[in-house]
Amino acid sequence: MLFPLTYIENHDIEKVHQLLEHFFCQLQTATVWDKSLFPNWYHPVFDKGLLFQERVFRHIFDRVQNEFPMGTLFDDENQKNRQQLYQDVLNSNKIEDICNDTGLEVANFKKMTDKDTLFRIIMKKKETTDRKAEQKIVYENCLIELWETLTAEVLISKNLSLQNIKCHYQVFCKHNGDVCVMCGMEKLPLPNSVGRANYDHYLDKVGYSISCVNPHNLIPIGGQCNTYVKGSKNMIIDEEGARCYAFYPYAASYENLIFSLDCSKEPSTYDGGDWTMSITPEKSSDIVEKKIQTWNRVFKIIDRYLEYIKINSNRLIKELINSNGDIINELQRLKDFVTRNIQFEIECVPKKMFYEYYLANPQTIQKLVIVSKEGNINHVIVPHLE
Ligand SMILES: [Zn+2]
């Protein structure tokens, strides 16, 4: 991750998640379906008749009543199970702790079985018949419907005068700029004239649906990162199934990273050369190194930067030659970009790495410079090379 994001405090998009937590809290003791299951601000909606969210909450309420009835001989045990359910919901939403502590267990709906309480409560069993007339049991995750509630502005349509997710995105961009925090290679869309960014479910919504409307788990990122690169990859479990560390995008502090490039085959006019690179923490830290591994595994950072350099090495050299410039000023300018603050310019990390490598190893790409300089022979590119 390239810089820390500012979390937008006290925005109305938090309300859908508040609804969920309040509901599970009340469910610890509730025996009757009524508006006390919901926070006060939601009561006018309840009085008008629930629409979209009803299916979700009613399903969960009925399942809990059925699985853990109150007013029976098993009250104590059922009460404990209901309390555990609420605890599981709270624990699944400690996104920052989950990223920083691999010892924390998190409910993952892709791995649950019929025996898991949460799974039984959340998933709806649907029996379907396929073309071969075989009966199949299919589970449907009812919580994902809540995500629709957030994006489809269902609450707003209930005259609650809530700020919508588009408004959240406008405020987000004001505080965090418009460069994708995960790759720095793409811009987020302009909020007014284009539309809102992809909101990445950092912990994916199918596996970790209990946090699917938690704004701490929703990160506006670029469309390439979200759709083509990350897809449904798991941030906290690697391909071998091991629990892993991850950067928390809204963390209060950020460890600076060092990006460095090496060349294994010189680039020429026709070939971008072969490159390798490393990303390391500025202050030595095993945990930050592991977070970098996760970031690279999910967002293919190293592959993308190296491919960019391979494709663009000729262009970058030409840009320098045409920039009237001297490379020292250019390099300083590029270094200023990488402040890891919101003043972050697109593509600056691979560019900066390339120019730094060039300054340190001018001979390696000298051929490229000589070819590019034709017609501009008096221009000084690197003083000590002339
Ligand atoms: Zn991106």
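Visitor: Against which helices do the buried residues of helix 7 pack?

Guide: Some conventions come first. Residues are numbered from 1 along each chain as its sequence is written. This is a predicted model, in which local features need pLDDT of at least 70 and side-chain atom pairs count only at pLDDT 80 or more, while totals for chains, interfaces and linings use all residues. Helices (H or I, at least four residues) and strands (E, at least two) are DSSP runs, numbered from the N terminus. A residue is buried if 20 or more other C-beta atoms lie within 10 Å of its own, exposed if 12 or fewer, and partly exposed in between, with C-beta atoms placed from the backbone. The buried residues of helix 7 pack against helix 1 (15–26), helix 3 (54–67) and helix 8 (165–176).

Visitor: Which residues of helix 7 are buried, and why do they lie on the same side?

Guide: An α-helix has 3.6 residues a turn, so residues three or four places apart point the same way. In helix 7 (residues 144–151), Glu145, Leu146 and Leu150 are buried. They lie on the same side of helix 7 because they cover an arc of only 155° around the axis, the arc being that of the directions from the helix axis to the C-beta atoms.

Visitor: Which residues of strand 4 are buried on its two sides?

Guide: In a regular strand the side chains alternate between the two faces of the sheet. Strand 4 (residues 218–221) has both faces covered, with Leu218 and Pro220 buried on one side and Ile219 and Ile221 on the other. Strand 3 (residues 198–201) runs antiparallel to strand 4 and is joined to it by four bridges; two strands pair if DSSP finds at least two bridges between them. Within strand 4, Pro220 is the bridge partner of Tyr199.

Visitor: Which residues touch the most other members of the largest nonpolar core?

Guide: A nonpolar core is a set of buried Ala, Val, Leu, Ile, Met, Phe, Trp, Tyr and Cys residues joined through C-beta atoms within 7 Å. The largest one has 86 residues, of which Leu146, Cys180, Val181, Met182, Phe299 and Phe354 touch the most other members. This core lies between domain 1 (1–252) and domain 2 (257–385), because both give residues to it; the domain bounds come from an automatic or database domain assignment. Beyond its neighbours within four places in sequence, Val181 is in contact with Met1, Leu2, Phe3, Leu5, Ile221 and Pro249.

Visitor: What phi does Lys300 have?

Guide: Most residues other than glycine have a negative phi, and most peptide bonds are trans. Lys300 is not a glycine, yet its phi is positive, at about 50°. Lys300 lies in the loop between helix 10 (286–299) and helix 11 (301–322).

Visitor: Where does pLDDT stay under 50?

Guide: Where pLDDT is low, the predicted coordinates should not be read in detail. The pLDDT, the predictor's confidence in each residue from 0 to 100, stays under 50 over residues 377–386. The chain averages a pLDDT of 85, and 85% of the residues score at least 70.

How values were computed
Contact = placed C-beta atoms within 7 Å.
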